[in-house]
Amino acid sequence: MNPKVILEFHYPDDEDALLFALKGQAMYKALASIKMVMSAPSTKAEMVSQVKTVLNEIFEELGE
């Protein structure tokens, strides 16, 4: 028997949590990418530019 996970949300109160759960994989990818950008030696301006690029790529993948 495979284990199950059941998530329960109270809409609209939990809308943010629900959206995060639905897009969790993409959000995790974005956060991991941002962490990598922040740990690389670069200027603040370069970091901001790279973070914007990461977020734009994720939003394109999500169709937003």
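A nonpolar core, as used here, is a set of buried Ala, Val, Leu, Ile, Met, Phe, Trp, Tyr and Cys residues joined through side-chain atoms within 4.5 Å. Keep that in mind as you click around this predicted model.

Start by colouring by pLDDT. The protein averages 84, and 98% of its residues reach 70 or more. Among the elements, helix α1 (residues 15-22) has the lowest mean, 80, while α3 has the highest, 87.

Now select I34, V37, M47, V51 and V54. These 5 residues make up the largest nonpolar core. Both α2 (24-39) and α3 supply at least two residues each, but α3 gives the most, with 3.

Stay with I34 and show what surrounds it. Setting aside neighbours within four places in sequence, I34 is in contact with V51, V54 and L55.

Together they form a nonpolar patch on the surface, with about 220 Å² of accessible area. F59 belongs to helix α3, which covers residues 44-62. Is F59 exposed or only partly exposed? Partly exposed, because its relative accessibility is 39%, and that label covers the range between under 20% (buried) and over 50% (exposed).

Last stop: P41, in the loop between α2 and α3. This one counts as exposed because its relative accessibility is 82%. Draw a distance from the C-alpha of P41 to the C-alpha of G24: the two are 17 residues apart in sequence and 28 Å apart in space.

Conventions
Residues are numbered from 1 along each chain as its sequence is written. Side-chain values use heavy atoms; hydrogens and water are left out. Patches are made of residues with over 30% relative accessible area and no salt bridge: like charges are joined within 9 Å, nonpolar side chains (Val, Leu, Ile, Met, Phe, Trp, Tyr) within 5 Å. Accessible areas come from the Shrake-Rupley method with a 1.4 Å probe; for residues, only the protein chains shown count as cover. A salt bridge is a side-chain nitrogen of Lys or Arg within 4 Å of a carboxyl oxygen of Asp or Glu. Helices (H or I, at least four residues) and strands (E, at least two) are DSSP runs, numbered from the N terminus. Buried means under 20% relative accessible area, exposed over 50%, partly exposed in between (1.4 Å probe, protein chains only). Contact means heavy atoms within 4.5 Å. pLDDT is the predictor's confidence in each residue, from 0 to 100.
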